[in-house]
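Here is a short report on one protein chain. Please read it alongside the sequence and the 3D view.

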Amino acid sequence: DLIAAHLHAIPSIENLPAHLMKEVLDRRKNEKMEDADLPFLLASTFEAVAAQDLDFLSLRSCMRLTDQGVAFVCDSCPALASLDLSFCELVGDESMRALSHACKGLHTLDLTGCRQVSDEGCQHIARLPALASLSLELCNRITDMGVQAVVRSAGARLQMLNLGDVRQMTNISVQLVG
């Protein structure tokens with residue numbers, strides 16, 4: 001809140017230290033953002049960070065964001081290393097396809113609450129060669145097949161895997177992950 005109270009005194013967001021810029025971008029209200037808003041969001045972001053240098057993006061709680069919007073982000077930001085799509089309830093398997101094709105350097109992906117992601121999406125996630133951290137918490141369309149695809153593909157490079165409340169997962173996946 002201290003940052004927000006003094007943002008008017010900063011002539012440009014590019015003058016913010018990287019850790020503060022991340023916090024400011026992460027705190028914005030996303031609930032009403034939809035696909036049509038993304039070109040404007042990215043244009044303002046690119047004023048501070050060049051598209052080829054943007055490695056972190058949080059679209060957390062963009063409940064109106066769809067697979068088409070995520071595909072636009074992937075095409076616009078191929079250097080993404082960390083993407084937060086948590087609680088983007090309309091984001092599904094086609095978004096995972098776009099990520100696997102365009103964002104080969106992605107190492108952190110948060111899909112918490114993305115209830116449209118299924119085993120098919122996990123097949124695409126498994127193709128991300130740099131993936132080291134993945135949250136699939138509350139992704140209730142994912143079964144053992146999806147979990148196994150990710151774990152078998154990612155192997156030892158997957159350092160963090162959150163499968164909290166993935167209800168269709170059984171002990172088979174628990175043993176494989178363990």
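This is a predicted model: local features need pLDDT of at least 70, side-chain atom pairs count only at pLDDT 80 or more; totals for chains, interfaces and linings use all residues.

## Leu109 and the nonpolar core

Leaving aside residues within four places in sequence, Leu109 is in contact with Leu83, Met96, Leu99, Ile125, Leu128, Leu131, Ser133, Leu134 and Ser135. Leu109 is also among the residues with the most contacts inside the largest nonpolar core.

The elements giving two or more residues to the core are α3, α4, α5, α6 (119-125) and α7 (144-154). Which element gives the largest share of this core? Helix α7 does, with four residues.

## Overall layout

The protein has eight helices and five strands. Along the sequence, the pattern runs α-α-α-β-α-β-α-β-α-β-α-β-α. The protein has 178 residues, and 45% of them count as buried.

## Helices α4 and α5

Helix α4 spans residues 67-76 and helix α5 spans residues 93-102. Their axes come within 8 Å and cross at roughly 10°. That crossing angle makes α4 roughly parallel to α5, because angles under 35 degrees count as roughly parallel.

Which residues meet in this contact? From α4 come Asp67, Val70, Ala71, Cys74 and Asp75. From α5 come Asp93, Glu94, Ser95, Ala98, Leu99 and Ala102. The contact residues divide into six nonpolar, one polar and four charged.

Helix α4 has these buried residues: Gly69, Val70, Val73, Cys74 and Ser76. They pack against α3 (38-48), β1 (56-58) and α5. Val70 and Cys74 are buried, and both take part in the contact with α5.

## Salt bridges

How many salt bridges are there? The count comes to four. Glu94, Arg97 and Glu120 are linked in a network.

Glu94 is partly exposed, with a relative accessible area of 40%. Arg97 is partly exposed too, at 30%. Arg97 also forms a salt bridge with Glu120, the closest N and O atoms being 3.3 Å apart. This pair links distant parts of the chain: Glu120 is in helix α6, Arg97 is in helix α5, and 23 residues separate them. Glu120 counts as partly exposed at 38% relative accessibility.

Another salt bridge joins the side chains of Asp165 and Arg167, at 3.1 Å, N to O. Arg167 counts as exposed at 62%, because the cut-off for exposed is over 50%.

## The loop at Gly105

Gly105 sits in the loop between α5 and β3 (108-110). At 40% relative accessibility, Gly105 counts as partly exposed.

Gly105 and Ala81 are 24 residues apart in sequence. In space, their C-alpha atoms are 5.5 Å apart. What does Gly105 touch, not counting residues up to four places away in sequence? The partners are Leu80, Ala81 and Ala130.

## Positive phi in two loops

Phe87 has a positive phi of about 65°, although it is not a glycine. Phe87 is found in the loop between β2 (82-84) and α5. At 26% relative accessibility, Phe87 counts as partly exposed.

Leu138 has a positive phi as well, near 70°, and is likewise a residue other than glycine. Leu138 lies in the loop between β4 (133-135) and α7. Is Leu138 buried or exposed? Leu138 is buried, with a relative accessible area of 19%, because buried means under 20%.

Note on methods:
Residues are numbered from 1 along each chain as its sequence is written. Side-chain values use heavy atoms; hydrogens and water are left out. Axes are lines fitted to C-alpha atoms, for helices over the stretch in contact, and angles run from 0 to 180 degrees between N-to-C directions. Angles under 35 degrees count as roughly parallel, over 145 as roughly antiparallel, 65 to 115 as roughly perpendicular and the rest as oblique. Contact means heavy atoms within 4.5 Å. Ala, Val, Leu, Ile, Met, Phe, Trp, Tyr, Cys and Pro count as nonpolar, Asp, Glu, Lys and Arg as charged, and the others, Gly among them, as polar. Buried means under 20% relative accessible area, exposed over 50%, partly exposed in between (1.4 Å probe, protein chains only). A nonpolar core is a set of buried Ala, Val, Leu, Ile, Met, Phe, Trp, Tyr and Cys residues joined through side-chain atoms within 4.5 Å.
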